[in-house]
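Reader: I am new to this one. Could you show it to me and take my questions one by one?

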Amino acid sequence: MKNDRKRTFLLITIPILALFVCFNTIPLIRGVVYSFTNFRGFGKFDWVGLRNYIDLFSDARVGKSYLFTIKLAVVATIVVNVISIILALGLNSRIRAKGFFRGAYFLPNILGSLIVGYIFNYFFTYILPALADMVGIEALRSSILSSPSKAWIGVMIVCAWQAVAMNTIIYISGLQTVPEDVYEAGGLDGATGWKQFRHLTFPLIIPFFSINMVLCVKNFLMVFDQIMALTKGGPAQSTESISYLIYNNGMSGGQFGFQSANAVVFFIVIVIISVAQMKFTSSKEEQL
Amino acid sequence: MKHTSTVGKTNRLVLVLLILGLSTIAFPLYLTSVIAFKQPSEMTNSISGILSLPKTWSLDNFREAMEVTNFWRSLGNSLLISVLTVGLSILVHSLMGYALGRNKAHSKFYNFVYLFIVSGMFVPFAILMMPLAKQTAELHLANWAGVIILYVVFYMPMNIMLYSGYLVNIPMALEEAAKVDGASTWTTYWKVIFPVMTPMHATVAVITALAVWNDVMTPLIIMAGSGENTLPLAQLNFQSQFGTNYNLAFASYLLSLIPILIFYLVCQKQILNGVTNGAVK
């Protein structure tokens with residue numbers, strides 16, 4: 001009986017683990033191996049040691065892509081979380097047609113980000129300048145996507161438009177865990193409005209806040225579809241995200257080895273940020 | 001009752017704000033729909049020319065877009081990949097979640113395997129894509145079958161975590177009762193545990209389906225040479241053929257959004273529940 005159980009578990013685990021190793025671990029190792037070569041994606045290649053990594057840190061284009069990606073992730077995370085909390089408070093208050101509103105506000109999340117990107121591309125290129133022209137806002141008369149200093153804002157808006165939907169739903173489920181009598185007790189002590197939110201509501205939904213932070217930062221750091229649909233990294237490489245650069249130069253630009261090194265560094269960055277975030281939020285949660 | 005009247009007032013204000021906020025979601029969809037139905041000649045340069053309702057509600061753009069992008073073929077591929085991935089994920093990931101979840105507390109080996117697979121969540125696709133493009137080509141898997149295998153591997157960390165987390169709440173007594181009746185572990189799993197995990201199957205199905213349906217990167221990297229498209233990939237690959245005919249392009253975008261919109265309208269409740277469970281658990 002006991003043996004049957006043990007054998008069954010092993011027979012389940014081994015093949016599935018093998019599948020995982022085959023299509024996750026091995027490619028990961030191959031990626032690391034390629035990062036020490038000058039492989040172009042085809043033909044012969046040589047070992048170059050740490051050459052790619054040294055070049056990586058002096059490569060202006062790579063540096064620029066890290067700056068852009070981090071700027072996008074930080075700003076979009078803040079924007080998304082502020083809007084989501086406000087929206088969740090609104091959607092959690094006693095209003096009519098609550099179910100309809102929740103469903104409608106979640107809609108952007110289920111749409112494919114590539115298509116959403118194309119739609120907003122048109123909006124930024126034709127609609128927004130025409131509107132600005134009508135109202136007379138000089139700064140928006142030309143498409144923001146064609147300006148190296150403003151294109152990232154367009155990308156940020158599109159990323160936020162979709163991410164708000166997801167984060168709001170998570171905040172709503174957080175708000176639903178706050179018992180009604182907490183507010184009643186707080187009300188007696190004079191906690192209303194901002195005070196109530198700051199000292200009662202927010203501390204109680206911190207676990208949901210940390211889920212949203214992790215979700216946001218991770219998704220925005222890996223941004224790809226929106227770049228593909230909106231700017232293709234332009235203008236003047238001002239919106240090249242790390243993923244997009246690795247895809248573009250690694251897959252078709254003959255930099256397979258060099259971009260593998262970039263990907264390895266990117267992987268390490270993701271791990272450090274994720275671990276730091278988890279450490280930080282778990283220490284915050286313990287304090288409560 | 002002064003208290004209740006102020007509550008009523010603020011809520012009416014909230015309602016108005018929520019309706020206004022909804023325009024940020026409705027506007028892009030409105031824009032897409034009206035442009036998709038218009039003829040290029042109706043698209044004057046003024047804003048009213050773009051945003052006004054089309055003169056006739058003709059389906060010509062859609063017909064042409066279907067032809068240009070081989071719509072039914074791409075839709076078929078998307079459906080095939082999504083349905084098979086979801087089905088396989090539920091079977092494979094629940095089994096693995098069961099094996100690991102039941103053993104990781106008292107076995108170092110299973111605990112290691114669990115942590116090993118779950119830490120796969122941190123691996124960005126960017127580091128895997130170049131080696132995987134090579135590897136799938138070597139294995140003759142640069143096609144929809146390869147894409148499905150990769151999805152089953154990519155979503156494994158997340159789904160296994162969900163399943164083994166859910167198992168904690170399923171008492172061992174349930175399995176032991178079946179064992180007394182002489183059933184093997186394998187039969188017990190399918191007859192007792194698998195059905196009990198139905199709520200988790202729904203969650204896994206929803207989050208996996210949404211992620212797979214909208215994914216661009218994996219099919220882009222893996223299926224590029226196969227001449228086949230998924231729905232999002234078709235939009236990307238035919239972008240140049242749309243040229244400046246935005247009416248055709250938007251008809252195509254709208255077509256590719258319709259299946260998921262219908263799915264959302266029909267299963268909105270399950271989707272909202274599934275997504276929340278997946279994120280919060």
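Reader: What makes A:R30 and B:E138 a salt bridge?

Author: A salt bridge is a side-chain nitrogen of Lys or Arg within 4 Å of a carboxyl oxygen of Asp or Glu. In this predicted model, the closest N and O atoms of A:R30 and B:E138 are 3.0 Å apart, so the pair falls under the definition. The rule finds two salt bridges across the interface of chain A and chain B.

Reader: How are the names and values to be read?

Author: Residues are numbered from 1 along each chain as its sequence is written, and chains are lettered from A and ligands numbered from 1 in the order in which they are written. As the model is predicted, local features need pLDDT of at least 70, side-chain atom pairs count only at pLDDT 80 or more, and totals for chains, interfaces and linings use all residues, while side-chain values use heavy atoms, with hydrogens and water left out.

Reader: What is known about the area buried between chain A and chain B?

Author: Buried area is the accessible area (1.4 Å probe) that two parts lose on being put together, summed over both. For chain A and chain B that area is about 7700 Å², and carbon and sulfur atoms give 80% of it. In chain A, the residues that lose the most area to chain B are A:F20, A:F23 and A:Y122, together 10% of what that side buries. Counting contacts (heavy atoms within 4.5 Å), 87 residues of chain A touch 91 residues of chain B.

Reader: Why is A:E240 called buried, but A:R61 partly exposed?

Author: Buried means under 20% relative accessible area, exposed over 50%, and partly exposed in between (1.4 Å probe, protein chains only). A:E240 has a relative accessible area of 3%, so it is buried. A:R61 is at 26%, and therefore counts as partly exposed. The side chains of A:R61 and A:E240 meet in a salt bridge, at 2.6 Å from N to O. This pair links distant parts of the chain, with A:R61 in helix α3 and A:E240 in the loop between α10 and α11 of chain A, 179 residues apart. Helices (H or I, at least four residues) and strands (E, at least two) are DSSP runs, numbered from the N terminus.

Reader: How do you know that B:E175 and B:R102 form a salt bridge, and are they buried or exposed?

Author: Their side chains meet at 2.7 Å, N to O. B:E175 is buried, with a relative accessible area of 1%, and B:R102 counts as buried at 12%. Salt bridges that share partners join A:R5, B:R102 and B:E175 into one network.

Reader: What makes A:S173 buried, and which residues does A:S173 contact?

Author: A:S173 has 15% relative accessibility, so it counts as buried. Leaving aside its neighbours within four places in sequence, A:S173 is in contact with A:F208, B:T276 and B:V280.
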